[in-house]
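Please look through this model with me. Keep the sequence beside you as you read.

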Amino acid sequence: MEVRAKKALGQHFLTDQNVARTIVGALRTEGPRDVLEIGPGMGVLTQYLLEREDIDLKMVELDGESVDYLLTHFKDLPGKIYQADYLRLDIHKLFAGSYRIIGNFPYNISSQIFFKILDDKDLVPEVVCMIQKEVADRIAEKPGSKTYGILSVLLQAWYDIDYIISVGSGAFAPPPKVQSAVIRLRRNSRTELGCDEKLFKQVVKTAFNQRRKTLRNALKPLLHEGVDTSDPIFDLRAEKLSVEDFVRLSKIVG
């Protein structure tokens with residue numbers, strides 16, 4: 001029995017066992033025992049995750065065909081796998097406390113997955129994932145680059161980013177039209193931003209949505225009458241600002 005890759009679900013099954021072992025090996029031995037695998041597919045990561053005695057594995061998979069395949073091929077999975085859409089799933093029904101995340105994320109929803117992880121950042125100390133290389137580069141990028149963007153700032157505010165390996169399209173079936181990469185997110189020591197977090201997100205998104213404009217013009221929708229825009233930071237464009245700069249900017253705007 002094989003699982004048919006479904007374009008609508010963004011499925012490209014990893015077949016390279018060395019890459020699979022590298023991904024699983026990148027998940028540290030310290031940390032919460034509870035681990036969630038997102039989109040196990042045909043179980044190329046699952047087989048190695050089940051060998052690790054330092055974790056308690058649960059999985060969420062939307063595709064019913066994949067769920068049937070996994071239950072047939074892995075005798076230890078009953079009670080560990082949930083057929084559900086991760087983006088709609090109430091994770092706290094699976095885990096009482098902190099948990100870590102691993103997976104070959106569906107590339108068409110990877111950004112949405114990261115935004116959901118950010119919502120639960122205080123309970124997710126580590127994420128190891130394979131994503132489109134372009135997105136991985138963007139997440140790991142530093143200020144000043146054209147690829148530096150919304151996800152870069154929001155994720156780097158709360159996580160340290162490790163770029164593990166690049167992965168060619170030949171490692172998958174069917175091969176995707178894009179290159180891939182494995183990254184690891186590790187929760188940093190930040191407990192608060194020092195500014196209103198909701199406003200911080202709004203400032204970051206608004207600034208990058210018109211990234212070619214200076215912040216003085218890009219942020220006009222957020223600037224109330226009392227905001228002093230003479231600060232030199234308003235002469236810059238969004239891609240020039242670090243996380244700390246965006247925090248300072250949010251304080252000014254607020």
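My notes follow as numbered points.

1. This is a predicted model: local features need pLDDT of at least 70, side-chain atom pairs count only at pLDDT 80 or more, and totals for chains, interfaces and linings use all residues. Residues are numbered from 1 along each chain as its sequence is written, and side-chain values use heavy atoms, without hydrogens and water.

2. Start with the sheet. Strands pair if DSSP finds at least two bridges between them.

3. Strands β2 (residues 34-38) and β5 (residues 100-104) run parallel, paired over four bridges. Leu-36 stands opposite Ile-101 in β5.

4. Next, the core. A nonpolar core is a set of buried Ala, Val, Leu, Ile, Met, Phe, Trp, Tyr and Cys residues joined through side-chain atoms within 4.5 Å; buried means under 20% relative accessible area (1.4 Å probe, protein chains only). The largest has 55 residues. Phe-114, Phe-200 and Phe-246 have the most contacts inside it.

5. Last, Arg-187. This residue lies in strand β9 (residues 180-187). A polar atom of its side chain lies 2.9 Å from the backbone oxygen of Arg-190. Beyond four places in sequence, Arg-187 contacts (heavy atoms within 4.5 Å) residues including Asp-122, Trp-158 and Tyr-159.

Methods: Helices (H or I, at least four residues) and strands (E, at least two) are DSSP runs, numbered from the N terminus. A polar contact is a pair of N or O atoms within 3.5 Å; within protein, one must be able to donate a hydrogen and the other to accept it, and residues adjacent in sequence count only if both atoms are side-chain atoms. Buried means under 20% relative accessible area, exposed over 50%, partly exposed in between (1.4 Å probe, protein chains only).
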